[in-house]
Amino acid sequence: MLTPRRIVIGITALFVAVILADWTLPPPIDRAGDISALVTDREGRPLRAFPTQDGRWRFRGDLDKIDPEFIEALVRVEDKRFYMHRGTDWAGLGRAVIDSVKAGRVVSGGSTLTMQTARMLEPRDRNVGSKLIEIARAWQIERRLSKDEILELYLTLTPYGGNLEGVRAASWSYFGHEADRLSDDEIALLIALPQSPEVRRPDRRPEQAQKARDWVATKLGWYGVFSEADVEEVATSPVPTRRRDFPMRAWHGTEKTLASGPREDVRSTLDAGLQAELEAIALRKAEAEGPDVQVSALVVHIPTRGVRALVGSASRDRAGGWLDLTAQARSPGSTLKPFIYAMAFDDGQAAPDTRISDLPKRFASYQPENFDRMFRGDVRVSDALQHSLNVPAVLMLDRVGPERFAAQLALAGARPRIGGGANHDAGLALALGGAGLTARELAVLYAALGDGGVAKPLVWRAEEEAASYERMGRRLVSAESASDIIRILQNAPMPEGRMPGRLTADAPQVAFKTGTSYGFRDSWAAAVSGEHAIIVWVGRADGAPRPGKTGRVTALPLLFEVADRTAHHLRDEGEARTRLTTQRKIETRGALHDFSPAAPPEIMFPPANAELWAGSVDGASARAFVLAGRGEGHLSWYIDGRPSETDDAGAPTWLPTLPGFYTITAVDESGRASRVRVRVLTGPS
């Protein structure tokens with residue numbers, strides 16, 4: 001017998017069962033978690049879209065990025081009591097059942113937006129059983145999410161045909177823009193397509209798509225959302241007949257940006273205008289250099305360390321183009337020399353005007369040579385750096401200590417890859433590129449040079465730039481030494497056809513250094529230009545040599561072009577304030593003597609009364625000595641009265657074959673001569 005007590009117990013049991021079922025069988029809301037991502041530039045301009053792991057285009061249905069007029073029209077057409085019901089519109093469902101019975105077929109499903117969302121989360125065959133499950137799931141969803149969250153979930157999962165899901169993906173694919181501003185015909189089409197996405201796909205069945213769109217526009221006219229003129233205008237508008245490509249700019253930079261944090265729509269630190277120009281410049285340069293040549297470039301805003309442009313390769317259609325070459329370790333050539341001198345300045349070992357010897361010198365079994373195989377005697381440190389002389393740089397690294405130098409770079413965020421394994425010690429060859437660094441790591445170092453010697457990591461996301469101002473960073477060199485190095489590099493010899501920035505009205509003041517790796521495999525140019533650090537690399541992705549292609553000839557002109565375009569695009573970042581047009585000149589105290597034209601030549605190598613070893617070293621055959629001197633015009637060289645040989649570069653050389661005493665003579669164009677006597681050793685005496 002049914003008693004009030006039993007009724008209460010039954011209702012309580014039913015309530016507990018429902019709550020327990022809701023707790024043990026929650027709706028799979030997290031199935032919408034795998035979403036596409038859109039990376040924009042620092043101003044919100046789209047750069048590149050990334051599909052989901054399974055190749056679908058499904059952007060999060062963020063209401064802030066969707067036209068409010070579309071939301072209003074969607075709710076009016078699909079679920080006019082959406083904001084009043086708790087998942088199921090029972091009146092609408094009852095009316096749909098009656099209409100279907102009268103018509104003898106299903107006319108309307110009566111599903112609310114919440115029920116449709118449940119169906120998209122758990123696709124099933126359409127029948128009475130699945131409808132009951134949708135009703136239950138809709139109630140569960142309404143308990144967990146707000147109305148705006150339900151709308152966002154719906155707008156994320158809505159099918160639009162093929163691999164398109166969600167209104168934002170459909171807007172990008174069919175209209176080529178974000179869904180935040182939609183025309184009336186676009187609104188009508190985006191509401192019509194999900195009702196039968198494959199049958200109405202405009203790229204395959206434009207007639208069906210147009211018919212469905214016009215019908216939705218007519219309904220919106222009945223509901224007072226569209227005016228009569230709006231409906232007529234929609235009817236005369238064409239539907240898109242093809243899918244557009246999603247944004248695919250800044251391929252490598254956007255990939256790094258997305259990987260640097262949560263996978264979601266993200267505003268990067270990149271500048272779309274500068275990025276586009278650098279991509280065009282890099283491709284033009286690569287095509288001019290040859291079919292297998294690649295170019296990479298990097299521009300970093302020094303105060304925030306925000307990466308303003310990154311070109312990982314000139315083109316993905318060229319060999320190695322899919323690689324981000326700014327992340328590949330390469331020999332940096334001479335681009336590390338400024339940091340060797342800066343550390344020597346910190347140690348008190350040298351100053352810009354300190355004289356240093358540029359003469360042949362052997363360090364154990366290592367004997368560096370200058371690129372032109374010439375020696376210049378005593379030079380100032382500033383001159384040695386500006387002309388990228390090798391022997392002074394190695395001599396200075398020997399005093400700084402290669403292990404300490406490598407450790408300082410690593411602590412700053414630029415760990416040199418030393419050949420020979422993880423336990424192999426850094427050597428003096430580090431001064432000339434005997435270790436691997438990436439373009440990004442060089443950017444960290446040169447940004448430190450422009451920021452008073454403080455190194456900080458690069459920043460890829462716009463929201464992290466403000467925090468970079470407050471980040472302490474790691475001191476690489478002192479502010480005074482960094483400033484000295486900047487002044488030296490700003491006064492380095494300019495490339496052909498380029499005037500110094502301080503002498504021109506609009507050009508930036510550039511402190512630059514070039515580098516060429518062994519075998520001409522890598523051509524580098526690195527610079528601090530105003531408030532930006534710029535790195536340029538030219539070479540082959542497979543590391544093959546390119547004889548004669550130096551950093552100065554190949555990469556430096558490109559760097560100055562990048563510096564000009566950076567100054568043009570990023571004027572808001574203070575480029576004009578940092579041109580340093582009143583930069584003081586390097587002090588001339590301690591400069592080289594002004595030798596009298598009447599003086600005879602001065603023989604720098606070999607020095608008088610020297611003993612020269614001409615035997616084998618560590619089993620390797622002896623190399624020819626390069627004779628060096630200075631005087632008026634071209635010098636002619638003689639060994640015991642016989643003319644010396646010359647190498648491929650035209651430098652005078654001498655390879656003695658017998659031990660003994662020799663007389664070396666240098667004669668200038670006026671006939672003035674100087675002589676030194678030396679002894680040659682080839683083995684035990």
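Trainee: Which element gives the largest share of the lining of the second largest pocket?

Mentor: Strand S12 does, with 5 residues. Helices (H or I, at least four residues) and strands (E, at least two) are DSSP runs, numbered from the N terminus. Keep in mind that this is a predicted model: local features need pLDDT of at least 70, side-chain atom pairs count only at pLDDT 80 or more, and totals for chains, interfaces and linings use all residues. Residues are numbered from 1 along each chain as its sequence is written, and side-chain values use heavy atoms, with hydrogens and water left out.

Trainee: How many residues line the second largest pocket, and which lie nearest its centre?

Mentor: The general idea first: rolling a probe the size of a water molecule over the atoms shows where empty space is left. On a 1 Å grid over the protein atoms alone, a pocket is an open set of points where a 1.4 Å probe fits, with protein on both sides within 12 Å along at least five of seven lines, and lining residues have an atom within 4 Å of a point. Here the lining counts 39 residues, and Ser334, Asn370, Phe371, Asn390 and Thr516 lie nearest the centre. Helix H14 (381-386), strand S12 (510-516) and helix H20 (551-569) are the elements that give two or more residues to this lining.

Trainee: What is the make-up of that lining by class?

Mentor: It has 17 polar, 14 nonpolar and 8 charged residues. Ala, Val, Leu, Ile, Met, Phe, Trp, Tyr, Cys and Pro count as nonpolar, Asp, Glu, Lys and Arg as charged, and the others, Gly among them, as polar.

Trainee: On to the backbone. Which residues should I look at for phi with a positive value?

Mentor: Most residues other than glycine have a negative phi, and most peptide bonds are trans. Arginine 305 has a phi near 65° and sits in the loop between strand S6 (293-301) and strand S7 (306-311). Aspartate 640 has a phi near 50°, and its loop runs between strand S19 (636-639) and strand S20 (642-643).

Trainee: How many salt bridges does the count come to?

Mentor: There are 36, a salt bridge being a side-chain nitrogen of Lys or Arg within 4 Å of a carboxyl oxygen of Asp or Glu. Take arginine 308 and glutamate 465, whose closest N and O atoms are 2.8 Å apart. This pair links distant parts of the chain, from strand S7 to helix H18 (residues 465-470), 157 residues apart. Arginine 308 is buried at 3%, and glutamate 465 also counts as buried, at 11%.

Trainee: Which residue forms a salt bridge with arginine 201?

Mentor: Glutamate 198 does, with the closest N and O atoms 3.7 Å apart. Arginine 201 is buried at 5%, whereas glutamate 198 is partly exposed at 39%. In another pair, aspartate 383 and arginine 380, that separation is 3.1 Å. Salt bridges that share partners also join Asp41, Arg42, Arg45 and Asp271 into one network.

Trainee: Last, the strands. Do S23 and S24 run parallel or antiparallel?

Mentor: Two strands pair if DSSP finds at least two bridges between them. Strand S23 (residues 660-667) and S24 are joined by 8 bridges and run antiparallel. S16 and S24, by contrast, run parallel, with 3 bridges. In the hairpin of S23 and S24, with 5 residues between the strands, glycine 671 has a positive phi near 90°.

Trainee: Which residues form the covered face of strand S24?

Mentor: Ser674, Val676, Val678 and Val680 do, while Ala673, Arg675, Arg677, Arg679 and Leu681 make up the uncovered face.

Key
Buried < 20%, exposed > 50% of the residue type's maximum accessible area, 1.4 Å probe, protein only.
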